Amino acid sequence: MAPTPALSIGDVTVAEGVIAQLPITMTNPTGVTCNVTATTTNGTAVAPGDYTALSGVLVPINGVASTPLAVTTIDDSAVELSETFTVSIALAANSDPRCQ
């Protein structure tokens, strides 16, 4: 029996106004397209003023180990310390059964 695939998402640090490319990684990739949903949650960064929120965005991982997820950050004129938001990922309900 093949090892079960597992998902994770990496952290990145970017300047405001830059598209953050967060790596979604699948250990034990299956070789088939696995659909992943991505949703953002405010932290000290708050959508829509600091970044463009994602809600159930579908990201196909085409049988590879890593795929980038783009989140647009907004450059505002406020002087601020570092801000954060969270991205949650999950296997989509319509994924190939071999993705589970």
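## Basis

Local features in this predicted model need pLDDT of at least 70, side-chain atom pairs count only at pLDDT 80 or more, and totals for chains, interfaces and linings use all residues. Residues are numbered from 1 along each chain as its sequence is written, and side-chain values use heavy atoms, with hydrogens and water left out.

Strands here are DSSP runs (E, at least two residues), numbered from the N terminus, and two strands pair if DSSP finds at least two bridges between them.

The antiparallel strands β2 and β5 are joined by seven bridges. I24 stands opposite T67 in β5.

## Sheet β4-β3-β6

Another open sheet is formed by three strands in the order β4-β3-β6, with antiparallel pairing. β4 (57-62) and β6 (85-91) are at the edges with a single partner strand each, so one side of each is left without a neighbour in the sheet.

Strand β3 (residues 33-42) runs antiparallel to β6, and seven bridges join them. T41 stands opposite T86 in β6.

## Nonpolar core

A nonpolar core is a set of buried Ala, Val, Leu, Ile, Met, Phe, Trp, Tyr and Cys residues joined through side-chain atoms within 4.5 Å. The largest one has 14 residues, and those with the most contacts inside it are L22, I24, Y51, L69, V71 and V87. At least two residues of this core come from each of β2, β3, β4 and β5. β2 gives the most, with three residues.

## Surface patch

V12, V14 and V18 form a nonpolar patch on the surface, with about 180 Å² of accessible area together (Shrake-Rupley method, 1.4 Å probe, only the protein chains shown counting as cover for residues). Patch residues have over 30% relative accessible area and no salt bridge; nonpolar side chains (Val, Leu, Ile, Met, Phe, Trp, Tyr) are joined within 5 Å, like charges within 9 Å. A salt bridge is a side-chain nitrogen of Lys or Arg within 4 Å of a carboxyl oxygen of Asp or Glu.

V14 lies in the loop between β1 (6-9) and β2 (19-27). V14 counts as partly exposed because its relative accessibility is 34% (buried is under 20%, exposed over 50%, partly exposed in between).

Technical notes:
Helices (H or I, at least four residues) and strands (E, at least two) are DSSP runs, numbered from the N terminus. Buried means under 20% relative accessible area, exposed over 50%, partly exposed in between (1.4 Å probe, protein chains only).
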